[in-house]
Amino acid sequence: MLKIFNTLTNKKDRFKPLKDKKVQIFVCGPTVYDYSHLGHAKNYIVFDCFVKYLRQIGYKVFYLQNITDLDDKIIARAKENGVSPKALALAFEKEHLKVMKILGIDSVSKYARATSHIKEIISQIKRLEKKGFAYKINGDGIYYDISKFKNYGKLAGRTALDAEDSVSRVDYSKDKRNRGDFCLWKLKQHELEPSWKSPWGQGRPGWHIEDTAITEKFFGAQYDIHGGARDLIFPHHEAEIAQMESISGKSPLVRYWMHVGFLTVSGQKMSKSLGNFILINDFLKRHPTNYLRFFIAKNLWRSPVDYIESAMIEVKSAVEKIEEFIRRLKNQKVPLSRTAKIKNTNQNLKLIKKFQSDFWAKLADDFNTPKALAIMFDFIKKENKLLDKNRLSKKEANKICFIFENINKIFGIIDFKKINAAIPPKIKNLANSREKFRKKGDWLKADEIRGQIEKMGYTVEDTPTGPSIRPI
Ligand SMILES: [Zn+2]
């Protein structure tokens, strides 16, 4: 039984989709006006792992994400760069998708652009107007009247009265009925602004309406999970609830709201003025993808995470520990004698079984990846001891490898390609001759050969079952 922490109820809720084993999940996508940074990586890696986990435990998941390809920031940045907002958004969308692919984020079923759903957006605003939730300010736009929706604030735990900080540029107008009212359709203000035809005149959509227009098109009036970063709870997600529940009269719009904790850098919020922005591209120049995925998985998805460069030393050593374990399992060729095998297999099979049940139980408890990883390391420690004593059969080793391969399909923290890469015969020969010198006690010569091996990009470690070679 899966339980997840739900912002709407403020507790861990038992997860039950609307329709059998089908899950419809929507996650707020990027506003494409700049390169994606580590904060984006955290958010999208969390949901990538979570969706892959749901699929592995038998759910049929449709994972939808929008791409905000039109907003004030895009218009402003396009103006600065002397290009059209459309061209700027397309270029950064391409960049974002490229970097997501490098991060191994391939679980999204559909990316939906805001500007491809203008028809659906207009239809929603028309229905809101008809039901009396929307009003027009002449020369400005169409606004949502939050005082008309009695449940406004139920997600964020606020009331309509203290909603004043919901104002972003597009939502600003001195003529609004309530300070927290937000824009649904902005009438064209400047010649260079992109705009579309509508019953209210040329204009463009507000921010919140694109999400509900897109989710209604793909999922209908209600669906299972909505995810996003914590800072989107208010006003963005609150506004989505107000819009869709007013239109459909059905509640709740979403049953489970998952909000991912912030990522700070050296204790501070990433910001342009502090110059502490870490772009994903820059991170990947220094570390491989699986290190970032491990760093994210080692923290609870909804907790804040602080990134410091030195934390990657710990991450590197942890990932190498797993990879070395897999390498040892793969090299485990010696079948044990029949008696030892029977005696040991029963004991070890119990250990493997316990590891599996404990590991998956932690994931089922609010997708607690740090606790699941702790169980994994404990298991590795125990199995390494068996490997040291050569008390692990090839069959058991294969079984464990298979379990880890499946786990890795969710997390992407183990570089199996690196592990499986064949060691060149030249390196193997050098390692063999080093072993001969070592056995003779000629440490000087053995060290000299180790140095040669390292120069060629490999390292050799002495384990109780013989030398183990791996790429550095
Ligand atoms: Zn959104």
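**Cavities and a metal site**

By class, eight nonpolar, two polar and one charged residues make up the lining of the largest cavity (nonpolar are Ala, Val, Leu, Ile, Met, Phe, Trp, Tyr, Cys and Pro, charged are Asp, Glu, Lys and Arg, and the others, Gly among them, are polar). The model is predicted, with local features needing pLDDT of at least 70 and side-chain atom pairs pLDDT 80 or more, while totals for chains, interfaces and linings use all residues. Residues are numbered from 1 along each chain as its sequence is written, and side-chain values use heavy atoms, with hydrogens and water left out.

Select Ile 45, Val 46, Cys 49, Arg 293, Ile 296, Ala 297, Asn 299, Trp 301, Phe 367, Thr 369 and Phe 411 to display that lining; a cavity is a set of points on a 1 Å grid over the protein atoms alone where a 1.4 Å probe fits but cannot get out, and lining residues have an atom within 4 Å of a point. Helix 1 (38-56) and helix 8 (289-297) each supply at least two of the lining residues (helices are DSSP runs of H or I, at least four residues, and strands runs of E, at least two, numbered from the N terminus).

Next, select Tyr 35, Ser 36, Glu 95, His 96, Val 99 and Asn 281, which line the second largest cavity; helix 3 (residues 85-102) gives the most to this lining, with three residues.

Finally, centre on the zinc ion, coordinated by Cys 28 (SG), Asp 211 (OD) and His 236 (NE2) at 2.1 to 2.2 Å (donors are N, O and S atoms within 2.8 Å of the metal, or 3.2 Å for Na, K and Ca; water is not among the atoms, so sites may look incomplete). Cys 28, in the loop between strand 3 (22-27) and helix 1, and His 236, in helix 6 (residues 233-248), lie 208 residues apart.

Technical notes. 1 Å grid on protein atoms, 1.4 Å probe; cavity = no way out; pocket = protein on both sides within 12 Å on 5 of 7 lines; lining within 4 Å.
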